[in-house]
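Look at the model shown here and follow its aromatic rings, then one of its helices.

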Amino acid sequence: METSTSPPPWYRRRQRRRAGSELPVTIGALREARLLGTDLRAGLRAGGAPAARRIRRLLRADAVLLADLDGPVARHGTLPAGSDTDALLAEVYEHGTALRRPPLCAAPLIVAGDLSGCLVAAGDLGEEDLGEVARLVAEHLDHAGLRTARVRIAAADLRTLRAQISPHFLHNALAVIAAHIRSDPARARGLLTDFADYLRYSFSTQGDYATVAEELQATQTYLELQRARFDDRLDITVRMAPEILPVAVPFLVVQPIVENAVRHGLERKAGRGHISVSGVGEGPFVVIEVEDDGVGMDPALARAVLAGGGPPARGVGLANVDQRLRAVYGPEHGLLIETAPDSGTKVIIRVPRFMRGVVAE
């Protein structure tokens, strides 16, 4: 007679009930772990208090203390009487490993390979559990550091771009205005106003972001100055979907691309030239294109320009914009260049409509 090896129905029902009762606990822990990243988004000192409270819930500890290398930053719960946290922190920092000194347990925070702080907890918990949470905290702090570095890089690149406004363009713009003073005083006054608006926007210190509408206005001002310089041989087409005009983007991302198109695409072309600037919304993204019918370039040169290895006079603006877009939005949001010799150039910007921290002031 054969015997069944499968568990009886009552056992299977009990196992299902047990799994069902554990699922909400697991989801809750995942939620707390995710929100811990939000708490620590600006670093340990800025978000230590809510992070300590959340870590205490994750560990089900009696108390939690977070410290950096300068000392305790935040505490949640009451540590046992007589707890010598200073001595424990000093020991962890000396050895760089997790330690248990009842009633406390401590684990180092290793951020990007460097000792950056310590997590201390009181209660009935193991070093392994505390170590896992310490590693989670360290990962969130590492991400916070990368975000801060991105912002600093973008700000530095913007200052660099402001300092590199072409003296060649400034000289030509003033020469064009001077040439119109006698022949067409009204246009000279209009061009002088455009020139002042262009300088005011380019050197603005209001913030690192502007709306698409503001970028478009600055671009149109620049193009009007160039049209006068080209003796009206420059045709301009601007098409921008109204719904993207309020969207915030990094300051000075469109005009440098347009300047590159004029200087390196159209200046060396005989006869009339055409440049178009267009923008549309594609779901959660904004797509802005700058296209010219100038001399174009070899695709390999375009790649070198974006990588910062092209001719300095040719690639400063494009490489700068590409680096700042990647710093703000991530490496997948750099510039895309479509070009070939004698076939013109199209430069495409594709960025999210909404991004945390990207706000025009």
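A charge sits over a ring if NZ of Lys or CZ of Arg is within 6 Å of the ring centre and within 35 degrees of the ring normal. In this predicted model, the charged end of Arg-350 meets that description: it sits over the ring of Phe-285, 4.0 Å from the ring's centre.

Rings can also pair with each other. A pair of aromatic rings is described by the distance of the centres and the angle of the planes. Searching the whole structure gives two aromatic pairs. One of them joins Tyr-198 and Tyr-222: the ring centres are 5.9 Å apart and the planes are at 35 degrees, so this pair is tilted. Tyr-198 belongs to helix 6 (residues 185–202) and Tyr-222 to helix 7 (residues 212–229), so the pair ties together parts that are 24 residues apart in sequence. Both Tyr-198 and Tyr-222 are buried.

Tyr-201 and Phe-251 make up another tilted pair, with 4.7 Å from centre to centre and 40 degrees between the planes. Here, too, distant parts of the chain are linked: Tyr-201 is in helix 6, while Phe-251 is in the loop between strand 8 (248–250) and helix 8, 50 residues apart. Tyr-201 and Phe-251 are both buried.

That loop leads on to helix 8. Helix 8 covers residues 255–266, twelve in number, and spans 15 Å from its first C-alpha to its last, close to the expected 16 Å. How many of the twelve residues of helix 8 are buried? Eleven are, which leaves the helix mostly covered. Among them are Ile-257, Val-258, Val-262 and Leu-266.

How values were computed: Residues numbered from 1 in each chain as written. Predicted model: local features only at pLDDT ≥ 70, side-chain atom pairs only at ≥ 80, totals over all residues. Heavy atoms only, no water. Helix = DSSP H or I, 4+ residues; strand = E, 2+ residues; numbered from the N terminus. Expected span 1.5 Å × (residues − 1). Buried < 20%, exposed > 50% of the residue type's maximum accessible area, 1.4 Å probe, protein only. Phe/Tyr/Trp six-rings, centres within 6.5 Å; stacked < 30°, edge-to-face > 60°.
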